[in-house]
Amino acid sequence: MRKFYSLLGLCKRAGKLAGGEASAEDAVRSKKACLIVVAADASANTKKKFRNSAAFYQVPIIETGTKAELGRAVGEEVRAVLVVTEAGFAKKLNALVEEEHRERIE
């Protein structure tokens with residue numbers, strides 16, 4: 001997961017990341033979102049809201065890490081939701097999560 005968090009930080013520095021609920025919602029609604037990342041310890045309401053948005057706007061969604069881990073990755077205190085707005089970053093982040101999941105199963 002270390003590579004995943006490092007890449008999130010790179011997305012932030014490149015200006016291809018929307019952090020926080022309001023900014024994330026705006027990115028999804030304006031169809032700029034390529035990937036939604038929700039913290040596993042986010043509230044049930046937040047998870048439901050972004051799952052519904054992901055389904056409606058057809059955006060992939062990943063539920064991983066904690067709010068503190070996501071926040072630390074992007075240089076903030078805590079972040080429950082992050083939205084990646086660049087397709088290349090989104091594809092690589094998705095691949096890293098799938099790779100991590102496969103390693104846990106084996």
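Biologist: How many bridges join strand 2 to strand 4, and which way do the two run?

Modeller: There are 4 bridges between strand 2 and strand 4, and the two run antiparallel. Bear in mind that this is a predicted model. One of the paired positions is V38, whose bridge partner in strand 4 is V81.

Biologist: And what order do the strands take in the sheet?

Modeller: The order is 1-4-2-3, in an open sheet of 4 strands with mixed pairing. Strand 1 (17-19) and strand 3 (61-63) are the edge strands, each pairing on one side only. On average, neighbouring strands are turned by 20° against each other, ignoring direction.

Biologist: Which strands run parallel, then?

Modeller: Strand 2 (residues 35-38) and strand 3 do, joined by 3 bridges. V37 sits opposite I62 of strand 3. Strand 1 and strand 4 run antiparallel, also with 3 bridges, and there G19 has L82 as its bridge partner in strand 4.

Biologist: What packs on the sheet?

Modeller: Helix 1 (residues 2-14) does, touching strand 1, strand 2 and strand 4 (81-84). Its direction makes about 95° with that of strand 1. Then there's helix 3 (residues 44-57), which lies across strand 2, strand 3 and strand 4 and runs at about 155° to strand 3.

Biologist: Back to strand 4. Are its side chains buried or exposed?

Modeller: Buried, on both faces: V81 and V83 on one side, L82 and V84 on the other.

Biologist: How many residues are in the largest nonpolar core?

Modeller: It has 34 residues, and those with the most contacts inside it are L8, I36, V83, V84 and L93. Several elements give two or more residues to this core, including helix 1, helix 2 (21-29), helix 4 (67-73), strand 4 and helix 5 (87-105). As a rule, nonpolar side chains in soluble globular proteins tend to be buried together.

Biologist: How far apart are V38 and A80 in sequence and in space?

Modeller: They're 42 residues apart in sequence and 5.8 Å apart in space, going C-alpha to C-alpha.

Biologist: Switching topic: how many aromatic pairs does the structure hold?

Modeller: It holds 2 aromatic pairs. In one of them, the ring centres of F4 and Y5 are 5.6 Å apart with the planes at 75°, so the pair is edge-to-face. F4 is buried at 1% relative accessibility, and Y5 is buried as well, at 17%.

Biologist: What about F56 and Y57?

Modeller: Their pair is edge-to-face too, at 4.9 Å centre to centre and 85° between the planes. F56 is exposed, with 65% relative accessibility, while Y57 is partly exposed at 27%.

Biologist: Now the backbone. What is phi for K31?

Modeller: About 60°, so to speak on the positive side although K31 is not a glycine. K31 lies in the loop between helix 2 and strand 2 and counts as exposed at 69% relative accessibility. Q58 has a positive phi as well, near 55°, and is also a residue other than glycine. You'll find Q58 in the loop between helix 3 and strand 3, exposed at 72% relative accessibility.

Technical notes. Residues are numbered from 1 along each chain as its sequence is written. This is a predicted model: local features need pLDDT of at least 70, side-chain atom pairs count only at pLDDT 80 or more; totals for chains, interfaces and linings use all residues. Side-chain values use heavy atoms; hydrogens and water are left out. Rings of Phe, Tyr and Trp (its six-membered ring) pair if their centres lie within 6.5 Å; planes under 30 degrees apart count as stacked, over 60 as edge-to-face and the rest as tilted. Buried means under 20% relative accessible area, exposed over 50%, partly exposed in between (1.4 Å probe, protein chains only). Two strands pair if DSSP finds at least two bridges between them. Axes are lines fitted to C-alpha atoms, for helices over the stretch in contact, and angles run from 0 to 180 degrees between N-to-C directions. Contact means heavy atoms within 4.5 Å. A nonpolar core is a set of buried Ala, Val, Leu, Ile, Met, Phe, Trp, Tyr and Cys residues joined through side-chain atoms within 4.5 Å.
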